[in-house]
Amino acid sequence: MILKHPQFKEVLKPVTEMVSETVFGCDCCKKEIHRNRDELTMLEVSFYYKKNNKQKHYCSWICLFKHLAKINLNNIEFISLPYVVPSSQSSIDGLTIKSFKKLAKQLAKINK
Ligand SMILES: [Zn+2]
């Protein structure tokens, strides 16, 4: 037995629709990063401070390391670096394990 049926009224609710996606740029060289859902197109790094955290985006490992060399790291609790991926996951040479290893070799030479 139904004692009372639900009642409805017409309402006008604001509806938001995305009309364009977020456009990312490299936090080092400022170049626009063109996203592609099928592959890795940028390096996303989290910087954790005592009271907050910041997300930074880089077009390559070179830009990431250049930026790390420039910024003040004193107030940072820790940094979450992205995975180092093989070329099968990114067609962008600067993002792959190959370019990461190239940088590692250069750093090893500097620190001899
Ligand atoms: Zn860059």
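Ser-60 sits in the loop between strand E4 (53–58) and helix H1 (61–70). The model is predicted. Is Ser-60 buried or exposed? Ser-60 has 23 other C-beta atoms within 10 Å. The cut-off for a buried residue is 20 or more, so Ser-60 counts as buried.

Which residues does Ser-60 touch, once neighbours within four places in sequence are set aside? Its contacts are Gly-94, Leu-95 and Ser-99. Arg-37 is 23 residues from Ser-60 along the chain. The C-alpha atoms of this pair are separated by 17 Å.

## Strand E5

Now turn to strand E5, residues 76–80. Of its five residues, the number buried is zero, so E5 lies largely in the open.

E5 pairs with strand E3 (residues 43–49). The two run antiparallel, and four bridges join them.

## The whole chain

The protein chain has two helices and five strands. Read from the N terminus, the order is β-β-β-β-α-β-α.

How does the chain fill space? Its C-alpha atoms occupy a box of roughly 85 × 35 × 30 Å along the principal axes. The radius of gyration is 22 Å, whereas a compact globule of 112 residues would have one near 13 Å.

Of the 112 residues, 12% count as buried. Ser-60 is one of the buried residues. Now take contacts between residues at least 6 apart in sequence: 59% of them join residues at least 24 apart.

Terms used: Residues are numbered from 1 along each chain as its sequence is written. This is a predicted model: local features need pLDDT of at least 70, side-chain atom pairs count only at pLDDT 80 or more; totals for chains, interfaces and linings use all residues. Two strands pair if DSSP finds at least two bridges between them. Two residues are in contact if their C-beta atoms, placed from the backbone, lie within 7 Å. The radius of gyration is taken over C-alpha atoms; the globule rule is 2.2 Å times the number of residues to the power 0.38.
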